[in-house]
Amino acid sequence: MKHFLTLIAVIFSGLLLAQTYVVNIVTTDASTDTPLGFVNVQIQGTSLNGTSDESGQLKIEVPPGEFIVLASFLGYETTSTPLTVSGTSRLVITLEPAAQQLETIEVSSRDASERMERPLMGVERLTIEEIEVLPVALGEIDVFRGLQLLSGVNSAGEASNGLSIRGGTVDQNLVLFDGAPIFTPTHLFGLFSVFTPDAIGSVDLYRANIPSRYGGRISSVLDVRSRNPSSDKFKMQGGIGLVSSHLSIETPLTKDKKLKMLVAGRGGFNDFIFGFIERLKNTKSRFMDGTVKLRYNLNEQNIITFSGFYSKDFYQIDLLNRFNGIVADQNQNDYYTLNGTLDWLKIFNDKTSLATRLVSSNHEPKVLFPQSGTDNTVEYKSQIRYKSLQTTLDHQTGNHHLSGGVQLVRYDLNPGEIDPGGVASVSRVKLDDEQAYEASLFAEDEWKVSDKFTLSAGLRFTQFAQLGAGEQRNYGDSEIISEEFLTGTTAFSAGETLQTYNGFEPRIGLNYQLSPKVSVKAAYAVTRQYLQNIYNATTPVPSSRWKVSDNNVAPQQASLISGGLYALPGKGKFEISLEAYYRNIDNLLEYKPGAEFFLNPTVETDLIQGQGRAYGIELGITKKTGKLTGQVNYSYARSKNLVAGPTFETSVNRGDWYNGYFDQPHTLNTNISIDDGKTNRISLNFVVQSNRPYTAPNGFLTIDNQPIPIFLERNNERLPTYHRLDFSWTVHNPKMVKRRWIGDWTVTIYNLYGRKNAYNVYYQPREAGGPSEIFGSSPLGSYRLTIFGAPIASLTYSFKFS
């Protein structure tokens, strides 16, 4: 009997040891709260291990008991997570990006694998580590400067407010920070972007098959996300520079560490810089931006996140003392953005989740005209308020990754008003407010049809409506919109619908792997834009007027088709991409000759609409591993417009195709970084490109012995070729490697050889000893306007404390 009981015990113990349970493991990126694929997972003390798939999921059968799960991925901190197994369970493993210390963080193969296997085209992802190594103007870490190294992404100018993506205008890009729109995305006359450097988690640029969850712009989407607070202890990092200083703090707020906070800020008080330039000695500039993020892990199924963003700029210029009839010694620009985003992520299981987002954005620019010798100040201001509610259901099943949802957007615009501030010669004027909403449904499926073929198919439908209170102006059946053809006006009360538009926006992406290292891609996308920024210059200024679509201004619509090839030669050390695209635009917004938009109650009479087309080829070669890293990007791109109205006034260039404002045929961007793995990192940027078109006079009339230029064509000349070399050297103190305080010194020289690149051309009577002429022998001299005509050196100290 004793032996029988012993045998039963042995058999029972064996059955217990043989019994296993399925553990569903999900690996995520702590900085972006998104799935992290291809993570190595090991059950410590056992032979059980595996690698998560591209969606960050892994299933392992584990016997009952208590274990430690190790997870590792290149460029991330190795994590140890406790696991108790008593049945089928789910474990979420969050990996933090490794801190950049002595060694250069090698960007992992994650992005390369996604490019090879998924139908991603025209999609670029930048990390803060990649952006930090780039030499930039005045030593500021900048998202926009990093993006400008990519094919098809050009600056609107060295002192301009935004980016041109594949020949599009600045306002055709949707710029988001944690899901909230940024309407003026730059500081300091457009020198660098507003995003707080220490708060940046990831930067995604979509310029081809834009996911269906995005809408509202026709050129591209720039989705910048702040990093999630994930540290279990107090951390601090910052930097001190000549132009600005920045600081961030990350810390848990509760003992159970479920509530964590990130606070980051930057301030620039740099009036002294302009004092060294005689012509700009009375110029003033101050700016600041700040980001706060709170993340509460209620439990494994519910995560609540709040992020707030504030940006403010003030600058004063005395070179422009007359503006639309208002005379002052200087004009002062004062504008701010205040955004808030509330996210709730509900995780039902390892395959299904629901994300709900509430967004509020308020942008208010002002232009001030202080009157000399008095306390009176004329104030012009406008405002755009944006509110959005979006919910997205995400589900993975088999070879399908499904997502879909709804988005509601509300716009409230103050197009402009002027307060005379006690100045008798200026009248109080306020334009009527504008209101509108967008209601969108969207759905998307990424389907892995076979081991080699992947398809993504998405569809977005948007219903747009302009709302009252307001007045609708009607011009009958006339093709010409002008005061003389006005047939009447109709008044609408609050909440009534003045005008509606709607349409489907299909998004399709294809990927076929010819081999494990080569894939071909194709994409098609339709986009619509119901909110326009109106200006009659190359780029908008903060006070440029925003306008919703109405019965006289139709929404812009674009259709884009693209195809390309992606390869990973040299055992994956290199990435090569080749893309070609063609975009057609309907209802392209243009302006009549002599258009005036400032406080114009009938702005549609100065607008005209036409067609646009952009096409090009982009070639990129990237090396992201080893001590020598870098990229070379070349693009051939054209952008053309056509406005053919019934009269000369409603046509541009006699109704023929003409160069768009960002028609820059050839662009070559090169970046090289050398890191010795110990103390020194040296980076070089070289940029050469065809410059922007500009409008030159077709002839001159002489009136009272004064030459008067005659402009009959638009964008009929081109600025001289732009080229520039930048240099940066970062020195890391090796004695601080194992200390809690880590510091770096960075020296940057922007425009190393002092190239006097032309930002624009202006005309004035010839003067002996005046600025250098660059064109011909016309009655007026034509001169180049240069923003940075000499090398600009800067020194920055950055530190991290944990």
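The chain contains five helices and 54 strands; helices (H or I, at least four residues) and strands (E, at least two) are DSSP runs, numbered from the N terminus. Please note that this is a predicted model, in which local features need pLDDT of at least 70, side-chain atom pairs count only at pLDDT 80 or more, and totals for chains, interfaces and linings use all residues. Residues are numbered from 1 along each chain as its sequence is written, and side-chain values use heavy atoms, with hydrogens and water left out.

Of the 802 residues in the chain, 53% count as buried, that is, under 20% relative accessible area with a 1.4 Å probe, protein chains only. Among contacts (heavy atoms within 4.5 Å) with a separation of 6 or more, 64% join residues 24 or more positions apart.

Strand S12, residues 173–177, pairs with S13 in the antiparallel sense over two bridges. Leucine 176 has proline 181 in S13 as its bridge partner.

Finally, where does tyrosine 694 lie? Tyrosine 694 belongs to strand S45, residues 693–694. Tyrosine 694 counts as buried because its relative accessibility is 6%. Arginine 714 is 20 residues from tyrosine 694 in sequence, and their C-alpha atoms are 7.3 Å apart in space.

Technical notes. Buried means under 20% relative accessible area, exposed over 50%, partly exposed in between (1.4 Å probe, protein chains only). Two strands pair if DSSP finds at least two bridges between them.
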